[in-house]
Amino acid sequence: MDLSIPEFSDKNYKIAGYIVGTAVTLSGLFLIYEVLSTDQLSFSAEWNMFKSPLGTICYFLGLIWAIAWWGKFTHWSATPVVETRDSSGNLISRKENMDIIEQIFAKFFMPILGHFVIEPLIYGAIIYYPIQCVIAILGVIFPYIVALFVLAIIALSWLFSSTFYFRYHSAALVCMGLLFTAAFALGGYAIGSDKNGGTLFMQSEHHDAAVGGGDDLQEVDMSEFKDSSPSQQEIDMSEFE
C-alpha cells in the first residue's frame with residue numbers, strides 16, 4: 001500500500017500558491033498595521049544607572065576593572081596641609097595638617113571610596129550607557145523590524161510555488177500557508193484586543209473611581225453629622241448639670 005502524500009499538479013500547485021500568498025498577505029498586512037499602530041511593542045532605555053538591575057551588574061564589572069587597573073586611574077590618597085597666608089593672600093608657610101580626622105579621611109577613607117566606589121561607577125557607566133544607547137535604538141526600530149520580517153514571509157509565500165519543487169512540496173505549501181496565516185491573524189488580533197481592552201479598562205476604572213468617590217464623600221459627611229451632634233449635646237447637658 002502506497003502511503004506517500006499526493007502532490008498537486010503543476011497547475012493546481014500554482015493556484016494553491018496564489019491562494020496561500022493571498023491569505024498570508026492579508027493576515028500579514030493586518031499584523032503589520034497592528035504592530036505599527038501600537039506602542040506596546042516598543043521599549044525604552046533606563047538612563048538612570050542606579051534604577052536598573054543592569055546598573056548593578058555593570059558596577060561589579062567596573063569593580064573588577066578597577067582592581068585590574070589598580071592605580072592607573074589615579075592615586076586617591078593625599079596629604080592634608082595647612083597654609084598660612086598674610087593679609088594680602090601671599091603664602092607664608094605650608095605644613096602637613098596632623099589633625100586625626102583630616103589624616104584618616106585623606107589617607108584611609110578617600111582611597112577606599114575612590115578605588116571601590118568612584119572608579120567602579122565610572123567604569124560601570126562606560127559599560128552601561130553604550131548598552132542603553134543600543135536598547136534605545138532597538139526600542140524605536142523594533143516594530144519596523146517585525147514589519148520587515150512579516151514582509152519577508154509574505155514575499156516567500158508568493159515565491160514558494162514557483163521556486164520550490166521538492167518531495168512533499170504541496171503539503172509544505174499548505175502547512176506554511178495555514179501556519180503563517182493563523183499566526184499573523186492571531187498575533188494582530190491579540191495586539192488589537194490588548195490595545196483596545198486596556199483603553200476601555202482604564203476608562204472604566206476612572207468612571208468607577210469617580211462614582212465611588214462621590215458615594216464615599218457622602219458617607220463621610222453624613223457620619224460626621226451623626227457622630228458629632230450627640231456628642232455635642234451630651235457635653236452641653238453635662239455642663240448645665
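Helices here are DSSP runs of H or I with at least four residues, numbered from the N terminus. The model under discussion is predicted.

1. Overall architecture. The secondary structure of the chain comprises four helices and two strands. Read from the N terminus, the order of these elements is α-α-β-β-α-α. Of the 241 residues in the chain, 23% are buried.

2. Gly21 belongs to helix H1, which covers residues 10-36. With a relative accessibility of 0%, Gly21 counts as buried. Leu173 is 152 residues from Gly21 in sequence, and the C-alpha to C-alpha distance is 9.8 Å. In contrast to the buried Gly21, Leu156 is partly exposed, at 32% relative accessible area.

3. Helix H2. The 16 residues of H2 reach 23 Å from the first C-alpha to the last, which is close to the 22 Å expected at 1.5 Å a residue.

4. Aromatic pairs. How many aromatic pairs does the count give? The count comes to ten aromatic pairs. In the pair of Trp70 and Phe116, the ring centres are 5.7 Å apart and the planes stand at 65 degrees, so the arrangement is edge-to-face. This pair links distant parts of the chain: Trp70 is in the loop between helix H2 (53-68) and strand S1 (81-85), whereas Phe116 is in helix H3 (residues 100-163), 46 residues apart. Trp70 has 46% relative accessibility and counts as partly exposed. Phe116 likewise counts as partly exposed, at 36%.

5. Phe180 and Phe184 form an aromatic pair that is tilted, with 5.8 Å centre to centre and 40 degrees between the planes. Both residues lie in helix H4 (residues 169-240), where they are four residues apart, about one turn of the helix. Phe184 has a relative accessible area of 6% and is buried. Elsewhere, ring pairs link Trp65, Trp69 and Tyr123 into a cluster.

6. Nonpolar surface patch. Which element gives the largest share of the nonpolar patch? The largest share comes from H3, with ten residues. The patch covers about 1,100 Å², and its members include Ile67, Trp70, Phe105, Phe109 and Phe116.

7. Salt bridge. The count comes to one salt bridge. The side chains of Lys107 and Glu96 meet in this interaction, at 3.2 Å from N to O. The pair joins distant parts of the chain, as Lys107 is in helix H3 and Glu96 is in strand S2 (residues 91-96), eleven residues apart. In general, side chains of opposite charge can pair when their charged atoms come close. Lys107 counts as partly exposed at 42% relative accessibility, and Glu96 counts as partly exposed at 33%.

8. Backbone at Tyr168. Tyr168 is not a glycine, yet it has a positive phi of about 65 degrees. Most residues other than glycine have a negative phi. Tyr168 is placed in the loop between H3 and H4. Its relative accessibility is 29%, and Tyr168 therefore counts as partly exposed.

Conventions. Residues are numbered from 1 along each chain as its sequence is written. This is a predicted model: local features need pLDDT of at least 70, side-chain atom pairs count only at pLDDT 80 or more; totals for chains, interfaces and linings use all residues. Side-chain values use heavy atoms; hydrogens and water are left out. Rings of Phe, Tyr and Trp (its six-membered ring) pair if their centres lie within 6.5 Å; planes under 30 degrees apart count as stacked, over 60 as edge-to-face and the rest as tilted. Buried means under 20% relative accessible area, exposed over 50%, partly exposed in between (1.4 Å probe, protein chains only). Patches are made of residues with over 30% relative accessible area and no salt bridge: like charges are joined within 9 Å, nonpolar side chains (Val, Leu, Ile, Met, Phe, Trp, Tyr) within 5 Å. Accessible areas come from the Shrake-Rupley method with a 1.4 Å probe; for residues, only the protein chains shown count as cover. A salt bridge is a side-chain nitrogen of Lys or Arg within 4 Å of a carboxyl oxygen of Asp or Glu. The expected span of a helix is 1.5 Å times one less than its number of residues.
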